Amino acid sequence: MFERILVPLDGSENAEIVFPYCADLAAKFASTVILVTVSEAATVDIDHLYRTYLDHAWGKMRRQLEASMAPDTVTLESEVLFGDPAREILRTAEEKDARLILLASHGTSTEGPWLLGHIAAKVLRATKRPVMLIRERAPEAALQQRKLLGRILVPLDGSEIGEAALCYAVALARKTAAEIALLEVFEPVRGVGAAGISYNIPDDESVRKSLLSYLDHVAGPIKNEGLEVSTTVLFGKAADNIVEYAEKNGIDLV
């Protein structure tokens, strides 16, 4: 599923926090990893500078792969791109048929030549390919145990589009033995309908039973694979509840 992983870098150490996650995924999926950085000016001196940085990053990534005991089938490539960073990353993802774009959600403006965090937001909005955003360095304990993904949270809303994330979560869980936590947040509606006509709001318990029934239906085939799955229904603002649940329940990936 993640046969080709595209890793955009901005020249900063912050951007390289993705390396342990990339190495872990590449080792488990026998991936080709493509490191890229983007120069907005095409000159000989600039080209040399960027290629020198990528050679350095390539060495770091190779060491991470060795620590992850990556098989010989893992391939590591690097390329300097020229032009607008977001456009070049998107173009390269299509050209290389990247199955995952893996990048830090917050790059640095002081160290890197372009703003990775700003570019990450553009890429996330524009691409139809899976994107994994890494927010901070992997915990030291997780690195030592080589267990970066222990719990994966999949928020669902009952739609087919929402369920599109499931196949990726299941694929990761198969390889990492991670638990999948299925969550649906119901935002109660309060108010009056069109023309001032009031409408009935189902009570919380009936809604909870209905949503749990849906989550159990989704969880069934996953449990049949022998994977660990939990289901939870919460009430309130969806985004706030998802973040709070992730923080309180040791979620490693949303």
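Predicted model: local features only at pLDDT ≥ 70, side-chain atom pairs only at ≥ 80, totals over all residues.
Which residues of helix 1 are buried? I listed Phe19, Pro20, Tyr21, Cys22, Ala23, Asp24, Leu25, Ala26, Ala27 and Phe29.

Next I stepped past the end of the helix. Ala30 follows helix 1, and I found its phi to be positive, near 50 degrees. I noted this down because most residues other than glycine have a negative phi.

Met69, a residue other than glycine, has a positive phi near 55 degrees. I placed Met69 in the loop between helix 2 and strand 3, the strand being residues 75-82. Is Met69 buried or exposed? I read a relative accessible area of 70%, over the 50% cut-off, so Met69 is exposed.

Asp97 was my next stop. Its phi is also positive for a residue other than glycine, near 55 degrees. I found Asp97 in the loop that runs between helix 3 (85-95) and strand 4 (100-104).

Last, I turned to helix 2, residues 44-67, which holds Ile46. Ile46 counts as partly exposed because its relative accessibility is 26%. What does Ile46 touch, leaving aside neighbours within four places in sequence? I wrote down contacts with Ser39 and Ala41.

Key: Residues numbered from 1 in each chain as written. Heavy atoms only, no water. Helix = DSSP H or I, 4+ residues; strand = E, 2+ residues; numbered from the N terminus. Buried < 20%, exposed > 50% of the residue type's maximum accessible area, 1.4 Å probe, protein only. Contact = heavy atoms within 4.5 Å.
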